[in-house]
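This briefing covers one protein model, with points grouped by topic. Please look over the sequence and the coordinates before reading on.

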Amino acid sequence: MIAPSILSADFAHLAEAADSVPTSDWLHVDVMDNHFVPNLTLGLPVVTSLHAATDLPLDCHLMIDDPDRWAPGYAEAGAANVTFHVEAAADAAQTARSIRAAGALAGLAVKPGTELEPYLDVLREFDTLLVMTVEPGFGGQSFMPEVLPKVRLAREHVRSGHLRLFLEVDGGISADTIAQAAEAGADVFVAGSAVFGADDPGRAVEALRDRARAAMAV
Ligand code: DX5
Ligand code: ZN
């Protein structure tokens, strides 16, 4: 699946940005609070309005403190998938259950420096694992291939049946880097600048999907 990140779109024209990528699988919405990360983007009112303005499923990536308190509200606002950071959560399992009870898929995100092993059991409560391939906070950074062993480890646990997860990568995904992530076992690819920085965002989505498919087929 390809999930364009509207962080790289024009915030005054988010509905048009969604319309420009009609074949996307999810539309990735980066929520930042100026505390968990040093950047501030948007919150619930914008997600509610965007949900009303597009048929694309919204993939909300919460880079915020206290997700236990705030994450379920994004599910109630209509997000299809709500991902929060394990580094910020007090009770990840309970928060995942609250997100699911509100009707969304639940996702857990890990920063580049966060190991996966301590969370392999709690991930059974989740639908999505988001492996950050840059430090969270800003678009347009360089892909970090050194985090791909975490994707491989998660893919092994999915293959063995221990986990059932979408494996999402976020940060620095482009036509040049997507194949490495796909080969490692990712199946959801977030791309901000590679999509909304392109002359034709819709075609950029298709080009990314073609590259990922080719790499997965190997
Ligand atoms: C970064 C965000 C990403 C960002 C990716 O903290 O989580 O979703 O939009 O942007 P690119 O694809 O430009 O690295
Ligand atoms: Zn993101």
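This is a predicted model: local features need pLDDT of at least 70, side-chain atom pairs count only at pLDDT 80 or more; totals for chains, interfaces and linings use all residues.

**Helix α5**

- The buried residues of α5 are Leu148, Lys150, Val151, Leu153, Ala154, Arg155, His157 and Val158.
- Cover for these buried residues comes from elements including the strands β5 (105–110), β6 (128–132) and β7 (166–170), and also α6 (178–184).
- α5 lies across β5, β6 and β7, and runs at about 170 degrees to β7.
- Gly161 follows α5 and has a positive phi, near 95 degrees.

**The sheet**

- An open sheet is formed by eight strands with parallel pairing, in the order β1-β8-β7-β6-β5-β4-β3-β2.
- The edge positions belong to β1 (2–4) and β2 (27–32); each has a single partner strand, so one side of each has no neighbour in the sheet.
- On average, neighbouring strands of this sheet are turned by 20 degrees against each other, with direction ignored.
- Strands of a sheet pair through backbone hydrogen bonds, in either the parallel or the antiparallel sense.
- β3 (residues 58–63) pairs with β4 (residues 81–85) in the parallel sense, over four bridges.
- Asp59 has Asn81 as its bridge partner in β4.

**Helix α3 and Trp70**

- Helix α3 (residues 67–76) lies across β2, β3 and β4, with a direction at about 165 degrees to β4.
- Trp70 is located in helix α3.
- With residues up to four places away in sequence left out, Trp70 touches Ile64 and Asp65.
- Between Trp70 and Arg100 there are 14 Å in space, C-alpha to C-alpha, and the two are 30 residues apart in sequence.

**The largest pocket**

- The volume of the largest pocket is about 250 Å³.
- The lining of the largest pocket has 26 residues, of which Gly139, Gly140, Asp170, Gly171 and Gly172 are the closest to the pocket centre.
- Two or more lining residues of the largest pocket come from each of β2, β3, β8 (188–191) and α7 (193–196).

Conventions. Residues are numbered from 1 along each chain as its sequence is written. Chains are lettered from A and ligands numbered from 1 in the order in which they are written. Side-chain values use heavy atoms; hydrogens and water are left out. Buried means under 20% relative accessible area, exposed over 50%, partly exposed in between (1.4 Å probe, protein chains only). Contact means heavy atoms within 4.5 Å. Two strands pair if DSSP finds at least two bridges between them. Axes are lines fitted to C-alpha atoms, for helices over the stretch in contact, and angles run from 0 to 180 degrees between N-to-C directions. On a 1 Å grid over the protein atoms alone, a cavity is a set of points where a 1.4 Å probe fits but cannot get out, and a pocket is an open set with protein on both sides within 12 Å along at least five of seven lines; lining residues have an atom within 4 Å of a point. Grid points are joined across faces, edges and corners, and a volume is the space filled by probe spheres set on the points.
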